[in-house]
Amino acid sequence: MSSTGSENSALAFVAILLLFVVLRIRRIINGTRISKARSIVFSIYYVAFAAILTATSFLNGVSENYVILYVAVGAVGFYAAYRVVNRRLIFWRGPDNSIYAKGGIIIYLIYVVALVARVAIDVIYVPSALTFTFTSSSSVSASTVLAEIVTDVLVAFGAGLLTARNFRLYQRYVGIEQGKETIPDSMPT
């Protein structure tokens, strides 16, 4: 009976995660009101969620030495997105005089694909990870550990990409507030 409860908890977690992902994708495509606080909070969320998700790998037999790889890959993702995403972001003022932005969807999709792959590995091969009742590392197969490493690298890369996107949003928002950049009064078509 407890495994059914654990399975239901895992399914509820995945359902909530997917709902959040769909809503964020819609907002990135259609545009969303931005602020300094939102940029910071979302960056913290993406990095924290990636860190928590990859931390479960260490409990399943992945060597702690991989944290260096994950941080390096996240930094590479940040640098790459920081250089590229600025040209993809579109800003405008809404009817309420708030600043809105859209763009950089490919960055979010990379993160989502990595996240879905990583969660799928936990759901299929390490279901106890989603219920926070971790198994010993000896019960996780070598191929599962390798799959976790690969998807953790992708999640770290995606978190770096999204953090850079939000950093650019923050920088541009500040520039708009200071009058260094002008934006249209309605969403560009």
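Student: Hi! Before we start, what kind of model is this, and how are residues numbered?

Tutor: It is a predicted model, where local features need pLDDT of at least 70 and side-chain atom pairs count only at pLDDT 80 or more, while totals for chains, interfaces and linings use all residues. Residues are numbered from 1 along each chain as its sequence is written, and side-chain values use heavy atoms, with hydrogens and water left out.

Student: Great. How many helices and strands are there?

Tutor: The chain has five helices and three strands. Both are DSSP runs numbered from the N terminus: helices are H or I with at least four residues, strands are E with at least two. Starting at the N terminus, the order is α-β-α-α-β-β-α-α.

Student: And how much of the chain is buried?

Tutor: Of the 189 residues, 42% are buried. Buried means under 20% relative accessible area, exposed means over 50%, and partly exposed is in between (1.4 Å probe, protein chains only).

Student: Let's look at α2. How far does it reach?

Tutor: Helix α2 has 24 residues and reaches 35 Å from first C-alpha to last, close to the expected 34 Å. The expected span is 1.5 Å times one less than the number of residues.

Student: Which of its residues are buried?

Tutor: Ser-39, Ser-43, Tyr-46, Phe-49, Ala-50, Leu-53, Thr-54, Thr-56 and Ser-57. An α-helix has 3.6 residues a turn, so residues three or four places apart point the same way.

Student: What about Ala-55, buried or partly exposed?

Tutor: Ala-55, which sits in α2, is partly exposed, at a relative accessible area of 34%. Its C-alpha is 8.9 Å from that of Val-67, 12 residues away in sequence.

Student: What comes after α2?

Tutor: Gly-61 follows α2 and has a positive phi, near 115°.

Student: Where else is there a positive phi, in a residue other than glycine?

Tutor: Asn-97 has one, near 70°. Asn-97 lies in the loop between β2 (90-93) and β3 (99-102), and it counts as exposed because its relative accessibility is 52%.

Student: At what angle do α3 and α5 pack?

Tutor: Helix α3 (residues 66-84) packs with α5 at about 40°, their axes 7 Å apart. Axes are lines fitted to C-alpha atoms, for helices over the stretch in contact, and angles run from 0 to 180 degrees between N-to-C directions. The contact has 15 nonpolar, five polar and three charged residues. Here Ala, Val, Leu, Ile, Met, Phe, Trp, Tyr, Cys and Pro are nonpolar, Asp, Glu, Lys and Arg are charged, and the others, Gly among them, are polar.

Student: New topic! What is the volume of the largest pocket?

Tutor: About 270 Å³. On a 1 Å grid over the protein atoms alone, a pocket is an open set of points with protein on both sides within 12 Å along at least five of seven lines, and lining residues have an atom within 4 Å of a point. The volume is the space filled by probe spheres set on the points, which are joined across faces, edges and corners.

Student: Which residues are closest to its centre?

Tutor: Among the 15 lining residues, those are Val-47, Tyr-70, Val-71, Gly-74 and Ala-156. Helix α3 gives the most to the lining, six residues. By class, the pocket lining has 11 nonpolar, four polar and no charged residues.

Technical notes:
1 Å grid on protein atoms, 1.4 Å probe; cavity = no way out; pocket = protein on both sides within 12 Å on 5 of 7 lines; lining within 4 Å.
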